[in-house]
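Subject: Structure handover

Hi,

Here is the structure you asked about. My notes on it follow below.

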Amino acid sequence: MAAVPELTSEMMAYSSNNENDVFFEADGPGNVKCCCQDLNHSSLVDEGIQLQVSHQLCNKSLRHFVSVIVALEKLKKPCPQVLQGDDLKSIFRYIFEEEPIICKTDADNFMSDAALPSVDCTLQDINHKYLVLSNSYELRALHLNGENVNKQVVFHMSFVHGDESNYKIPVVLGIKQKNLYLSCVMKDGKPTLQLEKVDPKVYPKRKMEKRFVFNKIEIKNTVEFESSQYPNWYISTSQAEGMPVFLGNTKGGQDITDFTMEFSS
């Protein structure tokens, strides 16, 4: 490696009186070279650090010129030892400025081969009513026993992007082996729960439309499902037997919003 000697007389002629003259005088030198020599002062033909001063105007700020001047001051000092990689790195820090690389991605168009985190589960309200698919697009809550328990719906619950907090986890609820997902829409001026048929080649995806997303809220041994589209509206069941599952905004009253969840294999 090479060591840095004292500046040559050629450079000192332009830097002794006014160091800024090298950069700002129109009649300044065309080329100034500062070469590093080894400890034995042997001549180096192809190695060294060279500084070339251009008379052409360049679109650089004062900060860039100051950085170069600081780097020159560093080079003026004799090197007590050969330059190492770390020494050169410290010099370059004065000249080059790190800038962050900002990567923008469209979450809607982002495709990933990784499967969404998900679990299969069944839900019962706190009155032990099961959720059953009574026809193609309607869920009802009723008591089941014996072999009838197999009629309960198994949900495929996927964890998706959303407004996650310490106690709210965004999820979507699809019916296992069917292309049906619970969604919330406005009907007759009221938020309404429905089963919506989807394209299995597209759904589920990491960023689901907001109407499909529910905030899963765990309270002791029960869970609630709040609509992300309509805050303070929850998946609810009636006290009466066999009534449709609906979206309600009453907690702790006649309507039931608390469910127990059991994981399914």
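Start with Arg211. At 25% relative accessibility, Arg211 counts as partly exposed; buried means under 20% relative accessible area, exposed over 50%, and partly exposed in between (1.4 Å probe, protein chains only). This is a predicted model, in which local features need pLDDT of at least 70, side-chain atom pairs count only at pLDDT 80 or more, and totals for chains, interfaces and linings use all residues. Residues are numbered from 1 along each chain as its sequence is written, and side-chain values use heavy atoms, with hydrogens and water left out.

Salt bridges

Arg211 forms a salt bridge with Glu196, and the closest N and O atoms are 2.7 Å apart. The pair links distant parts of the chain: Arg211 is in the loop between E9 and E10, Glu196 is in strand E9, and 15 residues separate them. Strands (E, at least two residues) and helices (H or I, at least four) are DSSP runs, numbered from the N terminus. Glu196 is buried, with a relative accessible area of 17%.

A salt bridge here is a side-chain nitrogen of Lys or Arg within 4 Å of a carboxyl oxygen of Asp or Glu. By this rule the count comes to 8 salt bridges. Side chains of opposite charge can pair when their charged atoms come close.

Two others to look at:

- Asp125 and Lys129 form a salt bridge, with the closest N and O atoms 2.8 Å apart. Asp125 counts as buried at 1% relative accessibility. Lys129 also has 1% and counts as buried.
- Lys205 and Glu209 meet through their side chains in a salt bridge (3.2 Å, N to O). Lys205 is partly exposed, with a relative accessible area of 25%. Glu209 is partly exposed at 27%.

Gln194 and its surroundings

Gln194 lies in strand E9, which covers residues 190–197. A polar contact of 3.4 Å joins the side chains of Gln194 and Glu196. A polar contact is a pair of N or O atoms within 3.5 Å; within protein, one must be able to donate a hydrogen and the other to accept it, and residues adjacent in sequence count only if both atoms are side-chain atoms. Not counting residues up to four places away in sequence, Gln194 touches Tyr181, Leu182, Ser183, Val185 and Lys187. Contact means heavy atoms within 4.5 Å.

The nonpolar cores

Which residues have the most contacts inside the largest nonpolar core? They are Leu139, Phe155, Leu182, Leu193, Phe214, Phe225 and Ile235, and the core has 25 residues. Strands E3 (118–125), E5 (138–142), E6 (155–159), E7 (168–175), E8 (180–187), E9 and E11 (222–227) each supply at least two residues of this core. A second, separate core of 9 residues includes Val172, Val198, Tyr203 and Met208. A nonpolar core is a set of buried Ala, Val, Leu, Ile, Met, Phe, Trp, Tyr and Cys residues joined through side-chain atoms within 4.5 Å.

Aromatic rings

The structure holds 2 aromatic pairs. Rings of Phe, Tyr and Trp (its six-membered ring) pair if their centres lie within 6.5 Å; planes under 30 degrees apart count as stacked, over 60 as edge-to-face and the rest as tilted.

Tyr181 and Phe212 form an edge-to-face pair, 6.3 Å centre to centre with 80° between the planes. Tyr181 lies in strand E8 and Phe212 in the loop between E9 and strand E10 (214–219), so the pair ties together parts that are 31 residues apart in sequence. Tyr181 and Phe212 are both buried. The ring centres of Tyr203 and Phe212 are 5.6 Å apart and their planes are at 50°, so this pair is tilted. Tyr203 is buried, with a relative accessible area of 16%. Phe212 has 0% relative accessibility. Ring pairs link Tyr181, Tyr203 and Phe212 into a cluster.

Asn127

Asn127 is found in the loop between E3 and strand E4 (130–135). At 29% relative accessibility, Asn127 is partly exposed. Asn127 touches His143, Gln239 and Ile256, not counting residues up to four places away in sequence.

The whole chain

The protein chain has 4 helices and 15 strands. Of its 265 residues, 33% count as buried.

Best wishes
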